[in-house]
Amino acid sequence: MSALTNVAAHAVLPLGAYKLDDLHRSAEQTDQVWMECDFEKLQDKAAVLQEIGQSFKFPKHYGKNLDALFDCLTELKPDSNAGKPGFVVVLKNLPDSKQFDSEQRDALLDVFRDAADHFYDEKVAFRVFYSVKQ
């Protein structure tokens with residue numbers, strides 16, 4: 001059984017209940033595009049958005065704001081040869097700081113939730129797992 005079997009195809013969930021290696025292996029087995037970003041050394045929104053753009057290889061026109069993030073996420077294309085097309089996104093160590101507080105973190109995760117809704121309409125899986133730096 002795959003680590004993704006019991007996870008809704010369009011979800012934004014805390015990473016804590018899942019093993020990263022199992023998720024990665026499951027993504028590979030189902031031809032899901034694996035996208036991972038680690039924010040370990042970052043403290044503010046601008047750095048988080050820049051890191052997402054670099055890690056996910058967004059185009060140069062990526063504006064490093066929440067609207068641009070949504071636009072670039074929804075422009076992603078799954079593997080066209082995949083039997084079950086989709087994405088597994090991992091956002092590790094989101095900052096918990098004065099420069100990136102829970103309100104900003106929630107706004108960022110809301111963008112990923114909105115992208116999951118978009119992919120639901122496209123019948124493409126879009127699962128996001130996140131953790132917050134302790």
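Phe 58 is buried, with a relative accessible area of 11%; buried means under 20% relative accessible area, exposed means over 50%, and partly exposed lies in between (1.4 Å probe, protein chains only). This is a predicted model, in which local features need pLDDT of at least 70 and side-chain atom pairs count only at pLDDT 80 or more, while totals for chains, interfaces and linings use all residues. Residues are numbered from 1 along each chain as its sequence is written, and side-chain values use heavy atoms, with hydrogens and water left out.

**Aromatic rings**

- The structure holds six aromatic pairs.
- One of them joins Phe 56 and Phe 58, edge-to-face, at 5.9 Å centre to centre and 75 degrees between the planes.
- Phe 58 also pairs with Tyr 62: the centres are 5.0 Å apart and the planes stand at 70 degrees, so this pair is edge-to-face.
- Rings of Phe, Tyr and Trp (its six-membered ring) pair if their centres lie within 6.5 Å; planes under 30 degrees apart count as stacked, over 60 as edge-to-face, and the rest as tilted.
- Phe 56, Phe 58 and Tyr 62 form one aromatic cluster.
- Phe 56 is buried at a relative accessible area of 7%, and Tyr 62 is buried at 5%.

- Strand β4 spans residues 125–132 and is mostly covered, with seven of its eight residues buried.
- Strands (E, at least two residues) and helices (H or I, at least four) are DSSP runs, numbered from the N terminus.
- Strand β1 (residues 10–14) runs parallel to β4, and five bridges join them. Two strands pair if DSSP finds at least two bridges between them.
- Pro 14 has Tyr 130 in β4 as its bridge partner.
- Strand β3 (residues 86–94) also pairs with β4 in the parallel sense, over seven bridges.
- Val 132 in β4 stands opposite Leu 94.
- A right-handed β-α-β unit is made by β3, helix α4 (residues 102–121) and β4. A crossover is right-handed if, with the strands pointing away from the viewer, the path from the first strand over the helix to the second runs clockwise.

**Cysteines**

- The structure holds zero disulfides; a disulfide is a pair of cysteine sulfur atoms within 2.5 Å.
- For Cys 37, the nearest cysteine sulfur is that of Cys 72, 14 Å away.
- Cys 72 is likewise in no disulfide.
- Cys 37 is buried, with a relative accessible area of 1%. Cys 72 counts as buried at 4% relative accessibility.

**Helix α1**

- Helix α1 covers residues 20–29, and its buried residues are Leu 23, Ser 26 and Ala 27.
- Seen down the axis of α1, these buried residues fall within an arc of 100 degrees, so they line one face of the helix. The arc is that of the directions from the helix axis to the C-beta atoms.
- Asp 21, Glu 28 and Gln 29 are exposed on the other side of α1.
- What covers the buried residues of α1 includes β2 (33–38), β3 and β4, where contact means heavy atoms within 4.5 Å.
- Asp 31 follows α1 and has a positive phi, near 60 degrees.
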